[in-house]
There are 2 protein chains.
Amino acid sequence: MFNVKFDKIALIGIGLIGSSLARVIRKNNLAYHISIATHSLRTLNDARELNLGDTYTTINSEATEDADLVVISVPIGVSGAVARDIASHLKHGAIVTDVGSAKVSVISQMQSELPKSVHFIPGHPIAGTEHSGPRAGFSDLFFNRWCILTPLPNTDQTMLERLSAFWIACGAKIDCMDPEHHDLILAIVSHVPHMIAYNIIRTASDLEKVIHSDVMSYSASGFQDFTRLAASDPTIWRDIFLHNRDAILEMLGRFSEDLAVLQRAIRWRDEEMLFDFLTRTRTIRRNRFEAGNASVSVQDC
Amino acid sequence: MFNVKFDKIALIGIGLIGSSLARVIRKNNLAYHISIATHSLRTLNDARELNLGDTYTTINSEATEDADLVVISVPIGVSGAVARDIASHLKHGAIVTDVGSAKVSVISQMQSELPKSVHFIPGHPIAGTEHSGPRAGFSDLFFNRWCILTPLPNTDQTMLERLSAFWIACGAKIDCMDPEHHDLILAIVSHVPHMIAYNIIRTASDLEKVIHSDVMSYSASGFQDFTRLAASDPTIWRDIFLHNRDAILEMLGRFSEDLAVLQRAIRWRDEEMLFDFLTRTRTIRRNRFEAGNASVSVQDC
């Protein structure tokens, strides 16, 4: 087993994910020193007020000096810029990872910026809420959640195991896969649902104008659960939509085809097809989410 | 004020809605006698075991004899058949109502079957869960939920007020509107979201076959909330999809147009449009569901 305690962990970005990491690192004693960087002075002051770290700065490269582990938790559109900021201020042998929801883009933005002397291992803890900012974080956010690592072909196995041990110490379960594979999966279980949630709010809101009625006020709790994803942060989600573009367009195409088939069955009053479809999908959902989730076995990384 | 207590209430259908009604009627002492009918002997035995009523039968017309209020809570595809069953076994002056999620269809199925001597007032309590059957009901299901009544042009005002008082005594808030208006609203806040939830389970499940991965196991809790609607009863939802066909096709058309615009913005990397869109829809959702729901004022019926 590894000693998962790092001498210094630098957290670049201290929103929902970064601040949850700060809390669980502190709680589980995973670092002697936590340095926090964010470009927003207001966010930095919030982090300080919450006592999330040991040192605070608005300069990314200041936080990464001497850090053994650097975790970048920023909107993925600025991943490349952050990598450029810190590139010449990284400790030899440090692990640099991120938490972005689209791995192909993050890798293409960061890999060429970072020096060969550090171990860049992209990652993505699949955890979150619709809330954002350092006050929204909590130490249990990663508990029993998957953290997917998408190591590059030349990744040092020992460093990969060290990073895995860190996430496990944060409460997460680890899996490794290709970045392309990750991006397709996330497109359908997260990105397309977010698009739909934002989109249906628009459609419902437009109907309100057309029929002069507070349409959404008549919704039951199901609609609120269904649209909760639309309360998520616009900057983060704009970046995800743009940076996982190809996988999202692919999965959205499949989703729309399937929806068109269902729509056609309604138009043509195909009772049997509808009943079979609803029965089958209900069974799939029940098996997945009611008979105990997380049926994936942990794979070797 | 009315005495909202009825001598005899007949509940035709004793699933989630019917059994929740039975419970709240008993709890709030709204009837001297509750008669329960369902065509399924197994469901009837469950209802009896749960002590939901006073008399039990598998014959609809037996339950409605002498009843002052008849509430029909069945899959809407059989509304017409139930109306035919009970038509000649209704007390003169009784109120007959239903709880169906598509009013135009229910009215066209039932109105012509029922005798002129009863007061037919279609209704829809907007409340539910993804669970079904008499064991899934609970007395608080209607608490603080809208119950929409769609009275016909010749509806007796006193009877409308009596039915409203009944629903208010069950915990609900009352609103009245045209059946067409109701059906459009429900299509977007309930029916289309159900279609999407069922549909995305299919798309995700198909991806599992294509990439040989337990795709859905990597989903975060957001996906589970988003797809919870797909755990709903297939018979009830097949009927809703078929019987609110026109409104659903209309709203699905609007939804798909809006989604295409969003998809195009992603394809063309329109950062500004995406950011504005996400910000605007998030604000709408927050205003609706986070600053206190239920902003509709109670209208006179």
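**View 1. Leu149(B) stands opposite Cys176(B) of strand E9 in chain B.** The model shown in this and the following views is predicted. Strand E8 of chain B, residues 146-149, is joined to E9(B) by four bridges, and the two strands run parallel. Together with E7 they belong to an open sheet of three strands in chain B, ordered E7-E8-E9, in which the pairing is mixed. The edges of this sheet are strand E7 (123-125) and strand E9 (173-176) of chain B; each has a single partner strand, so one side of each is left without a neighbour in the sheet. From one strand to the next, the twist averages 20°.

**View 2. Six strands of chain A form an open sheet with parallel pairing.** The order of the strands is E3-E2-E1-E4-E5-E6.

**View 3. Strand E5 of chain A runs parallel to E6(A).** Strand E5 comprises residues 95-98 of chain A, and two bridges join this strand to E6(A). Within the pair, Val96(A) lies opposite Phe120(A), a residue of E6(A).

**View 4. Helices H5 and H7 of chain A pack at an angle of about 135°.** Helix H5 spans residues 103-110 and helix H7 residues 179-211 of chain A, and their axes are 7 Å apart. At this angle, H5(A) and H7(A) are therefore oblique to each other. From H5(A), the residues Lys103(A), Val104(A) and Ile107(A) meet Pro179(A), Glu180(A), His182(A) and Asp183(A) in H7(A). The contact of H5(A) with H7(A) consists of three nonpolar residues, one polar residue and three charged residues.

**View 5. Helices H10 and H11 of chain B pack at an angle of about 140°.** Helix H10 covers residues 245-267 and helix H11 residues 271-289 of chain B, with 8 Å between their axes. The angle makes H10(B) oblique to H11(B). The crossing in which H10(B) passes H11(B) is left-handed. On the side of H10(B), Val261(B), Leu262(B), Ala265(B) and Ile266(B) meet Met273(B), Leu274(B) and Phe277(B) of H11(B). By class, the residues of the contact of H10(B) with H11(B) are seven nonpolar, no polar and no charged.

**View 6. Helix H7(A) packs against helix H11(B) at an angle of about 70°.** The axes of H7(A) and H11(B) are 9 Å apart. The two helices, H7(A) and H11(B), are therefore roughly perpendicular to each other, and their crossing is left-handed. H7(A) contributes Tyr198(A), Asn199(A), Ile201(A), Arg202(A), Ser205(A) and Glu208(A) to the contact. H11(B) contributes Phe277(B), Leu278(B), Thr281(B), Arg282(B), Ile284(B), Arg285(B) and Arg288(B). The contact of H7(A) with H11(B) thus comprises five nonpolar, three polar and five charged residues.

**View 7. A rotation of 180° superposes chain B on chain A.** The shift along the rotation axis is 0.0 Å, and the superposition has an RMSD of 0.0 Å. The two copies are thus related as by a two-fold rotation axis. Both copies use the same surface, and 100% of the contact residues of chain B recur in chain A. Among the residues of chain B, Phe226(B) comes closest to the rotation axis, with its C-alpha at 2.2 Å.

How values were computed:
Residues are numbered from 1 along each chain as its sequence is written. Chains are lettered from A and ligands numbered from 1 in the order in which they are written. This is a predicted model: local features need pLDDT of at least 70, side-chain atom pairs count only at pLDDT 80 or more; totals for chains, interfaces and linings use all residues. Side-chain values use heavy atoms; hydrogens and water are left out. Copies are superposed by least squares on the C-alpha atoms of residues with pLDDT of at least 70 in both. Contact means heavy atoms within 4.5 Å. Two strands pair if DSSP finds at least two bridges between them. Axes are lines fitted to C-alpha atoms, for helices over the stretch in contact, and angles run from 0 to 180 degrees between N-to-C directions. Angles under 35 degrees count as roughly parallel, over 145 as roughly antiparallel, 65 to 115 as roughly perpendicular and the rest as oblique. A crossing is left-handed if the near helix is turned anticlockwise from the far one by less than a right angle, and right-handed if clockwise.
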